[in-house]
Amino acid sequence: MCSVSTPTDPHSTIPDRLASAGGLKKGVARGLSRDTGLHEADIYGVGSFYHLLARPEKRVRVCGGLSCQLAGSREILSACQAAGLPTEEISCLAACDRPPAVLRDRRTLPMVTIQDAERSGGKVEDLCSNGSESVWCGTIGPQDAAAETLCLNLSAEPDWSGSAFKAAGTMGSSALFDLIEESGLQGRGGAGFPAHIKWRAVADQAEQERYIVLNADEGEPGTFKDREILLRRPDLVLEGLAIAAAATGSSEVYLYLRGEFEVPGGVLAEAIQATTKAGRFPGITFHMHAGQGAYICGEETAMLEALEGKRGMPRLKPPFPVEVGLWGKPTLIHNVETIACIPGIVLQGGTWFKDLGRTEAGSKLYCISGHVQNPGTYELPLGVSLDELVAAAGGYVGTLKAFSPGGASSGFLPASERGRALDFKGLGAIGSMLGSAGVVVLNDTINMRWAAEEQLRFFEEESCGQCAPCRIGTHYLHAAVKRGEEKSLGLTHVADVAWQMNEGSICGLGQAAALPLTSALKYFPEDFA
Amino acid sequence: MSAMKQTLVLDGRKIELQQGDTILDAASRTNTSIPTLCHDPRLKPVGACRTCLIEVEGSRRLLPACATPATEGMVIHTKNERVDRHRRTLLGLYLTDHNPDRHYGLGGAPNQLVAMAHEVGAPTDWGQLPSKRKASSEDDNPYILFDPEQCIACARCTRYCDEVESVSAITLAGRGSETTISTNDGLSLLDTTCEMCGGCIDTCPTGAMTERKAAEMQAPPERDLKQVRSTCNFCGVGCQLDLHVDEAANDGRGRIIKVTSPPVGTTTNDGNLCVKGRFAYDFVDHNERLTTPLVRDKAGVLQPATWEEALAATSLGLAGVSERHGKNSLAFVSSSRCTVEENYLVQKLARQGYGTNNVHQCAAT
Amino acid sequence: MTNSIREIREADFLLVIGSNTSEAHPIIAMEMKRAVRRGATLVVVDPRAVWMTTIAEHHLQIKPGSDVWLLNSMAQVIIAEGLVAEEFVAEQTENFEAVQAAVKDYTPEKAEAFTGVAPDLLRKIARQYAQTAKAGIYYTLGITEHSHGTDNVYALANLVLMTGHLGQRASGMNPLRGQNNVQGANDAGATPTYYPGYQRVDDPEVQARYESAWSCELDPKPGLNLNEMMLTMGEGIKGIFVMGEDIVLSEPNANHLEEALAGVEFIAIQEPFPNETMRFANVVLPSTVFAEKDGVFTNSERRVQRVRQAVKPPGEARQDWRILCEIARAAGINWDYDSPAEIYDEMASLAPNFSGISHNRLDDVQADGMTGIQWPCPTSDHPGTVYLHGDGVMRGKGLFQAVSYRPPMEVPDEDYGLFLSTGRTLYHYNAATQTRRETGPVAKHPEAFVEIHPRDAQQRGIEAGDRVRVSSRRGHIDVVAIVSRQVRPGCIWTPLHYAEARANLLTNDEGDPVTGTAEFKVCAAEVTRLGEGKKLATTFRGNYYSTTGPGA
């Protein structure tokens with residue numbers, strides 16, 4: 001009813017309550033309405049937005065991301081259905097390095113085989129990855145890197161000493177902001193925005209109630225680095241958040257993890273419990289919040305809506321979250337990787353961090369999957385080329401045809417760009433982007449019209465539907481590029497539609513969603529002949 | 001307080017700002033037309049339909065005029081090549097997801113989207129997408145019809161239901177191209193908190209929400225109906241109504257096809273109506289209407305009579321009582337349902353005609 | 001109303017008392033919702049958890065008939081805590097001392113026993129009301145339809161006067177009119193005491209003016225009010241003419257009235273639809289509905305607005321003004337009006353409040369961009385009056401009226417153990433002659449019902465959907481039981497719309513000594529289950545009236 005919600009508003013509990021009720025089954029919204037006093041239609045609207053809630057009868061979801069498809073996920077989908085499992089396809093599960101991945105309830109199973117599906121005998125509980133799914137991590141590298149060249153150093157043991165938090169406290173906010181500025185740290189969620197500007201902006205607000213939000217809604221197809229950080233170095237994440245909170249004058253930290261991150265979420269929850277028990281970061285409270293299945297909630301303002309328990313539809317910007325964020329208060333939002341860089345910067349210095357990079361500041365986690373020998377997460381100087389990255393990952397499989405440098409949103413680049421530095425500025429200059437550095441490699445067995453169609457299918461499914469350019473544009477482009485079933489719209493108007501989507505969409509999803517198709521048309525016209 | 005007047009420049013003209021102005025507010029005061037679809041002055045702006053995007057110098061992206069605060073020194077362009085291309089391509093895109101065969105519903109209001117697309121010269125040759133929006137199949141409510149193929153998901157209806165009527169019976173449901181309008185569990189509106197005020201119909205810019213009765217009557221479109229402004233006959237708020245009448249129907253007696261509210265800001269009801277005002281007009285044509293005078297016969301049965309007979313009987317009856325028992329043995333009850341003029345005549349009849357002050361209207365509230 | 005409907009959205013504090021606003025006045029409720037959304041504080045006083053309580057900051061679920069205790073106690077707090085608007089009281093009112101003395105002992109602590117409202121909460125609300133500049137009071141029949149209805153109104157007015165909440169936007173005292181033209185009918189002189197424009201029949205100057213205008217002699221003695229007419233029906237009253245009203249359905253204690261009508265020698269009714277009173281009528285004159293006629297209605301905020309003909313009357317039905325002219329002519333008076341506009345002009349010429357208004361003028365958009373004119377409007381260039389008392393209290397000085405608590409005429413006892421209250425629903429209107437001919441309202445509320453609290457239902461072995469008999473000392477009706485927490489324990493509620501289950505067979509026709517309004521809102525009644533397991537045949541759709549609805 002009330003237009004301004006607060007942390008105590010029952011609305012923020014709606015996604016969790018729906019999840020506890022087993023999803024949006026008939027009658028559930030009415031029951032929750034009686035429990036909370038909220039309108040039943042509002043609750044229904046929220047539930048219907050999130051795919052983990054909207055179709056509760058589906059308990060097995062096979063990843064439809066490009067890397068999983070290259071590993072035969074469609075066959076797994078058929079096998080699961082044939083085995084009598086209640087199965088549907090789902091957008092990228094952030095397990096591109098262990099394809100094909102399957103989500104069983106909230107648990108991501110890696111490298112599922114047709115035999116696994118058959119062995120389940122149609123019982124959801126019995127579906128597993130050859131008996132070894134319980135806890136798994138991906139490959140990390142490079143193997144031979146010296147610790148002092150790595151800011152995150154995923155192979156190291158967690159450090160719970162809290163020394164960075166203490167050091168930051170001693171330093172004081174102003175010096176810390178200078179240090180972060182000196183480090184050149186850019187947001188690693190996709191936009192590459194200088195971190196220090198956001199920190200200062202939040203600290204400078206007149207409003208004293210402020211929040212810190214961790215964006216761990218890792219959903220960009222091809223990206224899984226945050227999963228590795230959460231599994232291996234939760235210390236860096238919590239300490240980075242604690243430093244941010246103390247420096248910007250906030251005490252409440254909200255961690256938004258995608259709903260499919262049951263295992264990383266468990267690791268993080270355990271770490272929070274231990275940290276709180278040990279009193280490592282006095283005065284700071286961590287609140288875990290599980291997403292319920294919506295790629296768009298990785299967009300920072302959609303995430304705020306989701307945290308407030310609403311449909312995850314992005315807000316208009318301005319105002320930006322640093323001014324009007326969670327529950328209308330100034331909010332600092334960072335991606336997992338960005339925040340995990342903070343302890344290293346505090347302990348080893350801004351210049352040290354900056355010099356870890358090649359063309360831009362810092363070391364960077366690159367995810368690589370698709371047609372490469374050893375898919376995984378590699379911490380390398382920011383600005384390496386594709387060839388260098390693939391070399392670290394054991395080399396190509398087959399002959400390179402195309403690659404996505406930063407997830408679906410970055411479109412496709414031709415093999416001729418294999419030597420280009422993979423950084424924010426350089427890729428932006430050629431109409432692509434580094435984004436979340438989820439690099440997907442495609443070899444010459446792939447038809448690019450098919451690849452573009454798959455990416456458009458993803459965007460159509462994951463568009464929030466709020467604004468017309470994106471809602472209709474993704475539908476239009478997907479239908480236009482699709483062959484077979486429907487009468488083709490043709491590709492005549494793709495350029496105009498893409499222009500409109502880029503110009504008219506509210507958020508980055510719609511602004512970028514045409515790129516897979518327009519870039520494929522540009523670089524691989526022969527595949528559309 | 002002598003604060004300097006704040007100004008901005010809109011299409012080369014300097015405009016003075018008022019407290020709380022959006023760009024759209026400022027523009028509309030100068031009669032600069034900026035197209036809008038999801039905007040309704042009764043609702044909080046959401047900037048979702050994107051039709052009102054304009055260029056503000058210094059901003060990389062086009063900005064929604066409805067939701068962007070107007071600030072000192074802004075330089076705004078509401079018409080230039082970029083903005084015009086935006087409008088054309090946006091509306092062209094809308095048309096691909098809009099059923100072209102239903103641009104004018106039965107008895108329905110003109111479709112603002114189609115008119116706007118025509119006005120800006122939007123392309124019409126981009127093809128048609130199969131609509132992925134669905135409507136509930138269970139909705140047996142008698143008044144409100146939702147056609148998902150006309151819907152543009154601008155959420156005016158759901159926001160109205162929440163922000164104005166505060167019942168939130170309907171919501172945006174689903175996601176992406178399947179985004180639609182729904183009740184909880186797709187229930188019939190009758191089974192929800194809906195109070196059938198019909199505000200969703202009033203605010204809908206495309207006729208996706210429309211009057212079911214008009215549609216079922218196979219009525220002509222709104223533009224072919226006579227529109228009569230009147231005052232609601234139910235409660236004491238005095239809402240203004242526009243009665244849309246098919247003059248030829250009912251053998252020339254005329255038939256009310258639907259009732260709408262005058263535009264926002266022009267009457268006390270400010271664009272709003274309730275279930276009775278908007279939908280309860282079937283009684284006008286009800287077959288139980290009294291259509292002939294009746295006079296009770298010797299056997300005590302009411303029998304049809306001519307007006308002459310009935311009027312004579314009335315006059316005789318009242319005069320007889322007055323003569324037998326005195327002027328104040330008569331009582332006149334008038335009605336708060338009738339007009340001022342009719343009440344005036346009843347009291348005048350009692351006082352002037354029959355010499356009694358025993359006259360009272362039926363409700364003392 | 002002292003304020004206009006458009007001002008409600010500006011209010012910062014709204015005290016809604018005895019008004020089921022969202023059902024009886026949905027559009028006014030929308031304005032209130034708008035104010036609440038803006039941040040205004042809404043306090044609802046009602047024995048029943050009406051919809052508005054779902055958005056209210058506080059719901060004072062008082063015991064029926066305890067309004068005077070509540071209001072006097074609020075006055076006591078305002079005086080005791082020094083929150084009186086001294087300047088306003090000194091300059092613009094008189095008789096404050098009497099109220100001061102009368103409310104001295106109405107402490108919140110003592111009030112609690114009568115009202116059930118916690119003393120701290122009552123204090124908080126009294127303070128908030130007194131200290132908020134834009135604070136308005138809104139009430140309807142829940143205040144007036146009591147044997148002490150006038151006392152209730154005085155007690156409210158005392159609060160308004162002592163806090164100076166008058167003569168400003170969004171701050172005043174606002175009775176919400178239940179029917180489209182209650183205001184207009186009163187304005188037009190359809191009252192036993194006044195000629196058009198509230199000019200007393202016993203004022204010789206006024207009498208002379210009307211005698212001259214109408215060329216006749218007029219009775220200087222006020223006539224009987226409606227309640228008095230009904231009470232003397234068949235004895236003093238021997239002939240009755242009824243236009244547009246079903247007195248048998250709508251008047252209290254219908255059994256008594258039906259017996260009394262047998263003693264009436266002549267009854268004529270002028271009606272568009274058959275109704276209950278028709279059973280007793282000697283002559284039935286078929287008339288028209290609003291869509292078939294021209295004229296004006298005057299709404300709750302004194303706004304005079306046009307009614308325009310949209311369709312033609314069916315069959316031989318005639319417009320009411322034409323029928324009345326015919327009756328006058330048959331009685332030998334020569335009325336030769338050509339149109340309702342001409343009738344209005346005559347009235348305006350005889351009533352200074354309306355002198356500036358005419359149909360012609362009402363056809364134009366007014367200076368404020370709106371349609372209609374709010375009277376007083378004395379001249380043709382006067383813009384009308386948005387809120388009353390803007391230039392000081394109209395009668396010169398606002399008169400405080402000391403009131404003290406009197407219990408309702410009838411309270412529950414061993415035989416009739418429950419408080420019965422009656423009222424309206426959103427979907428039907430008065431006797432429902434119109435709305436029960438509409439599909440939507442019938443789908444939502446197909447039949448008469450009684451709301452009973454789960455505790456009381458359990459004690460009587462009643463389950464939701466059972467057919468039950470509601471009885472009082474005057475009669476009984478058979479309805480469906482809705483087990484609901486909307487009502488207080490010990491209270492039941494039934495709507496007044498249903499001819500086959502007329503709530504006024506139960507209610508008490510003894511009324512307020514001043515206005516003659518009957519005590520529809522409180523009487524003693526009992527509920528018993530009928531038959532074996534006979535469940536509701538039709539369903540009430542939508543979850544609003546569910547057992548776990550508001551107030552659960």
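Biologist: What should I know before I start?

Modeller: This is a predicted model, where local features need pLDDT of at least 70 and side-chain atom pairs count only at pLDDT 80 or more, while totals for chains, interfaces and linings use all residues. Residues are numbered from 1 along each chain as its sequence is written, chains are lettered from A and ligands numbered from 1 in the order in which they are written, and side-chain values use heavy atoms, with hydrogens and water left out.

Biologist: Okay, chain A. How many helices and strands does chain A have?

Modeller: Helices (H or I, at least four residues) and strands (E, at least two) are DSSP runs, numbered from the N terminus. In chain A you get 23 helices and 14 strands.

Biologist: And what is the radius of gyration of chain A?

Modeller: That value is taken over C-alpha atoms, and the globule rule is 2.2 Å times the number of residues to the power 0.38. For 529 residues a compact globule would come out near 24 Å, and chain A has 22 Å, which agrees. Along its principal axes, the C-alpha trace of chain A spans about 65 × 60 × 50 Å.

Biologist: Now the interface. How many residues does the contact take from chain A and from chain B?

Modeller: Contact means heavy atoms within 4.5 Å. Here 51 residues come from chain A and 51 from chain B. Buried area is the accessible area (1.4 Å probe) that two parts lose on being put together, summed over both. For chain A and chain B that is about 4200 Å², and carbon and sulfur atoms give 53% of it.

Biologist: Which bonds should I look for there?

Modeller: The rule finds four salt bridges across this interface. B:R85 with A:D496 is one salt bridge to look up, its closest N and O atoms being 2.9 Å apart. A polar contact is a pair of N or O atoms within 3.5 Å; within protein, one must be able to donate a hydrogen and the other to accept it, and residues adjacent in sequence count only if both atoms are side-chain atoms. Chain A and chain B have 28 residue pairs of this kind, both at pLDDT 80 or more.

Biologist: Which element gives the most to the side of chain A that touches chain B?

Modeller: That would be α20(A), with eight residues. By class, this side of chain A has 21 nonpolar, 17 polar and 13 charged residues. Ala, Val, Leu, Ile, Met, Phe, Trp, Tyr, Cys and Pro count as nonpolar, Asp, Glu, Lys and Arg as charged, and the others, Gly among them, as polar.

Biologist: Last one: how is chain C divided?

Modeller: Domain bounds come from an automatic or database domain assignment. Chain C has domain 1 (5-176), domain 2 (182-372) and domain 3 (418-529). The C-alpha centres of domain 2 of chain C and domain 3 of chain C lie 30 Å apart. Between them, these two domains bury about 1400 Å², 52% of it on carbon and sulfur atoms. The salt bridge count between domain 2 of chain C and domain 3 of chain C is zero.

Definitions and conventions: A salt bridge is a side-chain nitrogen of Lys or Arg within 4 Å of a carboxyl oxygen of Asp or Glu.
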